[in-house]
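Reader: I've got the model open and I'm going to be picky about the labels. Can we go through them one at a time, with the cut-off behind each?

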Amino acid sequence: MTIIGGKLQVYLTSILIIVVSSIVFSMHSFQPVRLLAVLSEMVIIGVSLVAAYLLGNRELHRGIPLGLILLSLSTYFDLLEALTGMNYYEFISVALLVVGFPILLASSIYHIRERKRRISEFSAVLSNSLDGILLLDLSENILYPNKTACDLLGFNEGQLKMKKISDFLSEEGAKKFREARSALFAGQNLSAFEVELITSGESPIVAEISLVIGRNANEDPDSIILTFKDVTHIRRIESALVEQNRFQKVLNELITEVLESDFDEESYKYFLMKCVRSFPRADAAAFLLREDDNRFHFVATYNYDFEELKPISFAPEELIQKSSDEVVIIKDYSVDYKMDSERLKRIIKGGRLLEIKSTLSIPIKIDGEVKMYFNLDSLSSANAFDDEEIMNTAMGFGKAISVLLWRINTVNELRRQRELMERLSMEDHLTGLPNRRAFFDSAMRQIELSKRNGEEMAILYLDLNDFKGVNDTLGHDFGDALLKSIAKRLTTICRRSDLTARMGGDEFVFILPSTGREGAIEAEAKVHEAFGEPFSVKGRRVKLTASVGLAVYPENGKSIRELLIVADEKMYENKEILSKKLKKATIV
């Protein structure tokens, strides 16, 4: 409104000058022809002044409005000469004309050249801009595309000028554009926004768009300038980083879980499931572990039939990876088809070989040697793992799993050694039965359990008769073999809940949970029956007997030592009852 009001004031002032000047000059002559000439010259003067004012407020060479002012002054002095007849006015008029006209002409020529240069530079900027630029009319028709816009959208300039911006927008994108346009024309501050632009290629591009209103000379909106840049790669990288961070988080959680538990077959399966669900574009997976036979075996799979694949193994040279220690992408599976028919049949059926489009194979190295291959498979796209970011994620993953497996192997080895030491400390080295320490440990727990449940418990104490005579006659090696045979037979007469232990020498003891005196007497009878048949050892047959004493908790004692004392006394009482003849061992 301020600009329009300023122009109106100029117009009214100029008209007022013309009218007043016409009246003043007309008073010197009332001839119609002369009056018409005066009026014409006054109009020329007024128009020139208005033009000079308006052009002076535009981006023009200053010589143009200056030339117009000089020409209007020349006309003014020419008018004065005509009215007054004074010749020096004519001289001034000619001088102003001689100076003003060249200035106006030269300035106009310079302005036209400068304008063309600027237009050329502007066109060059538009054409060479890294951003796509589209000039749209208010109906959203494309009036002008720059070269970048043509390249990004995949059409030439002529083709684009026949289209509307809506031709390149999805339904969601068109909605975003309409909302942005409405906000722009409502005078709101408009930030850049992102939409997918449909191109002539196979895939759309993600574009960051900015809109500006184009205006005519009257400052009225007559176009929309749309600037866009392709941010597809940037968004892909951002998405890959987000996925990588998410995968790394899942991996860290998995490593923590695995370190807190035993890494068995079920752990492998769980690990694969979590990896596939979090790894970009993976549909299935498999662990191939090199075992002691130097062949790679399936130890776990996800989205495959593991039972079908479990019997299969591969020599290193049979693998597609050819024992590579680098992360590789596999798309050619022709090597698999050269296997024997039985393995190929299983891989096609259980491993979905015909469906696999791409495999990301990650070697897992321990101490510099490939111990495992972790294969991630895509069943939907041959290009699923082609991104560099995915390869970087895979390499980092391989290193993390290598460290994890090394740690697991170390922990498992330490656990095995600890368990072995624990077992050896609780096991009789000769017979393999629980030893004296194991007996006391188990007996104390069983007493506590019996006390809590209000049950009875029995102990049988056994001593071999004349075992020393066998040792003296046939030697200690034969005696040791005989003890092993006796221990083996004694374990066959026990219940699964009973414990048979060697207390040392030729003494054995039984713990009978939930057993009273009657049950203990029946168990004692079974022990004597066990010695009814001779023992065959190293080609010799040995017939010997045993003395047994029993004690019952809580009748004969409330601690293990009290029970042992009672059982030991009963055993010696029984030994005294036996005749010397029955005590002797018979060797055949």
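This is a predicted model: local features need pLDDT of at least 70, side-chain atom pairs count only at pLDDT 80 or more; totals for chains, interfaces and linings use all residues.

Reader: What makes strand 15 and strand 16 count as paired?

Author: Strand 15 (residues 535–537) and strand 16 share three bridges in the antiparallel sense. Pairing takes at least two bridges found by DSSP, so they qualify. Across the pair, S536 stands opposite R541 of strand 16. Numbering starts from 1 along each chain as its sequence is written, and side-chain values use heavy atoms, leaving out hydrogens and water.

Reader: How many bridges join strand 16 to strand 18?

Author: Two, with strand 16 and strand 18 (residues 586–587) running antiparallel. V542 has I587 in strand 18 as its bridge partner. On the naming: helices are DSSP runs of H or I with at least four residues, strands are E runs of at least two, and both are numbered from the N terminus.

Reader: Which strands are the edges of the open sheet, and what makes them edges?

Author: The open sheet has four strands in the order 13-14-12-17, with antiparallel pairing. Strand 13 (499–504) and strand 17 (546–553) each pair on one side only, and that makes them the edges. The average twist is 20° from one strand to the next. Helix 16 (residues 517–530) packs on the sheet and touches strand 12 (457–464), strand 14 and strand 17, with its direction at about 165° to that of strand 17.

Reader: Why is helix 14 called oblique to helix 15?

Author: The axes of helix 14 (residues 467–474) and helix 15 (residues 476–492) come within 7 Å and cross at roughly 135°. Those axes are lines fitted to C-alpha atoms, for helices over the stretch in contact, with angles from 0 to 180 degrees between N-to-C directions. Under 35 degrees is roughly parallel, over 145 roughly antiparallel, 65 to 115 roughly perpendicular, and the rest oblique. That leaves helix 14 oblique to helix 15. By contact (heavy atoms within 4.5 Å), F467, V470, N471 and L474 of helix 14 meet H476, F478, G479, L482 and L483 of helix 15.

Reader: What makes the buried residues of helix 11 line one face?

Author: In helix 11 (residues 341–350), R343, L344, I347 and G350 are buried. Seen down the axis they fall within an arc of 155°, so they line one face of helix 11. Helix 10 (306–309) and strand 8 (313–314) are among what covers them. The opposite face carries exposed S341, K345 and K349.

Reader: Why does L360 count as buried?

Author: L360, in strand 10 (residues 358–366), has 0% relative accessibility, so it counts as buried. Beyond neighbours within four places in sequence, its contacts include F279, V327, F374, L376 and M391. L376 is 16 residues away from L360 in sequence, yet 5.1 Å away in space, C-alpha to C-alpha.

How values were computed. Buried means under 20% relative accessible area, exposed over 50%, partly exposed in between (1.4 Å probe, protein chains only). The arc is that of the directions from the helix axis to the C-beta atoms.
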